[in-house]
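Take a short walk through this protein. We begin with the whole and then stop at two residues.

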Amino acid sequence: FIPPRGLGIGLPDEGVPSLSTSPCPSIVRMNGLLSLCKRAFLHMLGLGPVPRHIAFIMDGNRRFAKTHDMQQISGHRKGFDTLKDILEQALEIGVQEVSIYAFSIENFKRSKDEVDALMELADEKFTRILAEGELVDRLGIRVTMAGDLSLVPDHVRRTMARAVHLSRHNTRAILNVCFAYTAQDEILRAMHVADTAMREGVLACEDVDEDMLNRCMYITNQPDLLVRTSGEIRLSDFMLWQCTLSCLLFLDVLWPDFSFWHFIYVILYYQYHHADIQRKREEYKNTILQDTHHTATTTTTSTSTTSLREHPSSSSSSSEPSSSQTIEPREDNQNSTRHQHRQTQSSSQSPSSSNRAYHHDGGDVTLQAKRKKLDEWVQARNLQYFKQCSEVVE
């Protein structure tokens, strides 16, 4: 569903002069009342289902600049200011993670002047974030970078890496900045990471599955909601792996024009469709479990067939007894006793002597250990990389 471009026009906060230009007492009171109303709106929204992870494709900065007879870089600056406001509002209602599509690898095909200006703007904004502690300290956000930073100029990469390194202990929320990024590049890089993990003994080849590969991605958490502005209805190679079961919303509004009231609409849209999204995810989860069970059953049947082929005498003696054969109850008791004995032996095996050990809740201990080991290995690898890039010495 694409709402009309005029969403938000005529609402109370539009046309109200700012305090910096009109310090009139009546304007001060009006702005204070408006701020209170906004906080009340956010509080009410927080009472319903809130997306834990929101992804934004911030499109429309250049068109905004053209519409307002501004330089293109001014449109990008306005877009950054919009991002700051949206982050504060998202944290206010309890959003735990925000991902933004800041710069695509495809954007390097733009004019050299525009690319250079965008790189300098990125360096300027990250430097300002570090200097003022705007996101790192005040909001408690942990910054992560997703993308091929080898394509970024050294001084910009150094500033980005410092933001990642210095905010690594923040726990309130996560800001994933996708810079020099495409989903295809992310998936290819994840395959390389998995290959390196196997060569270093962190994973075995048979351990690699959908979940393990997901843990090698730049962004491992699936967005609950993806929003694209500017009216374009496409994902532009953004988080294709993660958005399989996400709620998608395309708004016909330029990103710098994205206001508080648009954000309210976005959350209400998610809450309206929340039940359907959860149902689809449960259906997908059940399908995966059924496929896994079917695969395990097929494997067990195949193994049993192979065993029977290797021991034809036991197969012929145990299948379709002739009419002259009788099965004594005593033998049934013996078979039952042998079966109980095998179960006792199997249950008494140590974890090291069996392929899998299980929690009381059915969780696979070996698999969980491997996942934890991979997560720690990937995290240490990333932190070491950003520490080296940032030239920060603890």
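The protein has twelve helices and six strands. Keep in mind that this model is predicted. Of its 394 residues, 39% are buried. The accessible surface comes to about 22,900 Å². Carbon and sulfur atoms hold 53% of that surface.

Look for it in strand S2, which covers residues 97-104. Is Ser-104 buried or exposed? Its relative accessible area is 9%. Buried means under 20%, so Ser-104 counts as buried. What does its side chain meet? It makes a polar contact with the side chain of Tyr-101, at 3.2 Å. Leave out residues up to four places away in sequence, and Ser-104 touches Ala-180, Tyr-181 and Thr-182.

The second stop is Val-202. This residue sits in a loop. Val-202 has a relative accessible area of 10%. That value is under 20%, so Val-202 is buried too.

Which residues are in contact with Val-202, leaving aside its neighbours within four places in sequence? They are Ala-197, Lys-373, Leu-374 and Trp-377. Now find Val-378. Val-202 and Val-378 are 176 residues apart in sequence. In space, their C-alpha atoms are 10.0 Å apart.

Terms used. Residues are numbered from 1 along each chain as its sequence is written. This is a predicted model: local features need pLDDT of at least 70, side-chain atom pairs count only at pLDDT 80 or more; totals for chains, interfaces and linings use all residues. Side-chain values use heavy atoms; hydrogens and water are left out. Helices (H or I, at least four residues) and strands (E, at least two) are DSSP runs, numbered from the N terminus. Buried means under 20% relative accessible area, exposed over 50%, partly exposed in between (1.4 Å probe, protein chains only). Contact means heavy atoms within 4.5 Å. Accessible areas come from the Shrake-Rupley method with a 1.4 Å probe; for residues, only the protein chains shown count as cover. A polar contact is a pair of N or O atoms within 3.5 Å; within protein, one must be able to donate a hydrogen and the other to accept it, and residues adjacent in sequence count only if both atoms are side-chain atoms.
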